[in-house]
Amino acid sequence: MYQLEDIRHVHLEISSRCNASCPLCPRNLHGYPYNDGYVEKDLTLQEVKKIFPIKFVKQLNNLLINGNFGDIVMNPESVDIIKYFRTHNPNLLIDISTNGGARNKQFWKDLAALKCTVWFCIDGLEDTNHLYRQNVVWKTVIDNAKHFIQHSGVAIWQMIDFDFNQHQQQFAQDLAKILGFSKFRIMNEGRQNTPVFNKQGQLTYVIGNTDQVDFKKIIWLRQNADVLYEDIEPRSINVINCYAKKNSSIFVSSTGDVYPCCHTGMQPDKYGHGDYMQVVNSQLKKIIKANNAIDQSLEKCIQWFDQVEKTWTNNDFNSGRLVVCQDKCGTIWRNNTHIDL
């Protein structure tokens, strides 16, 4: 797929722990604290130095810190980890995605000094943000963002488009300008319809429209039902236009495991029973080889990527075509042009 010296972009998860409980996050079940097999771990500074030698850090153009399961604010060594990258690559573009709802002023001041761009995920105003970003206090996020900006940090306000915040989006955009955010971005990524349960499994409210509100049935299905290839809607796709290959990118999880991208890095050996990820991870487990960079070299950890690329010519899922590659990076021919799905 590519060689170690070709890599220019790293997507890094430095913690799989989180202060929030977002109802459509894979680390819980619609807000209920249900661990479906992922490992909770912070990547240590020592492990980061082992995984990413100085020579490798110097060749990078971009570093994205954004977890599949966790948030940077939970890792006690996060500032020191970023400082390691910045020290050895002063021109490295560093982007961080966070709910912004934790840590003290010194933390945000230190991030600003390290010349990071922070994407604050704020999905509403004081009366609505917590509907999705459960356990996150809006005022805390805004205070942290203001402190980061006041110390010359580059901040972006990112808002997911929900029914409950559509009437606030223009006001939020205006507020972002007043506070000094460099950009305001609205994301429409399909996260819209979900029941929301509390820690006791009680329905508290519904986001969007859904008739799946029976908690006992939902958790039973997650624990007992199997998702099969035939449960995944087939698509007629000709070409895999791989984001990771195109951008010479890798994803490294908080456990030190190495994958081509975050979509392939949802802890395949443990996570995903009873939902879409069961099929995705059952395929990946068959081809992943020696991919933990704490135990062995990064160069060795990317060798299995070639097995991923070989699946792209297979005709269907049963013959080995990867569901996740087809869904995330599939293209179709339209008017003699490749169209990304």
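Trainee: Which residues does L111 touch, not counting residues up to four places away in sequence?

Mentor: This is a predicted model, in which local features need pLDDT of at least 70 and side-chain atom pairs count only at pLDDT 80 or more, while totals for chains, interfaces and linings use all residues. Residues are numbered from 1 along each chain as its sequence is written, and side-chain values use heavy atoms, with hydrogens and water left out. Contact means heavy atoms within 4.5 Å. With residues up to four places away in sequence set aside, L111 touches V79, I82, I96, C116, V118 and F148.

Trainee: How many residues has the largest nonpolar core?

Mentor: A nonpolar core is a set of buried Ala, Val, Leu, Ile, Met, Phe, Trp, Tyr and Cys residues joined through side-chain atoms within 4.5 Å, where buried means under 20% relative accessible area, with a 1.4 Å probe and protein chains only. L111 is among the residues with the most contacts inside the largest core, including also F52 and W157. The number of residues in this core is 98.

Trainee: Is Q134 buried or exposed?

Mentor: Q134 lies in the loop between α5 (129-132) and α6 (138-150), helices being DSSP runs of H or I with at least four residues, numbered from the N terminus. The side chain of Q134 reaches the backbone oxygen of S21 at 2.7 Å, a polar contact, that is, a pair of N or O atoms within 3.5 Å, of which one must be able to donate a hydrogen and the other to accept it, while residues adjacent in sequence count only if both atoms are side-chain atoms. Because its relative accessibility is 13%, Q134 counts as buried.

Technical notes:
Helix = DSSP H or I, 4+ residues; strand = E, 2+ residues; numbered from the N terminus. Buried < 20%, exposed > 50% of the residue type's maximum accessible area, 1.4 Å probe, protein only.
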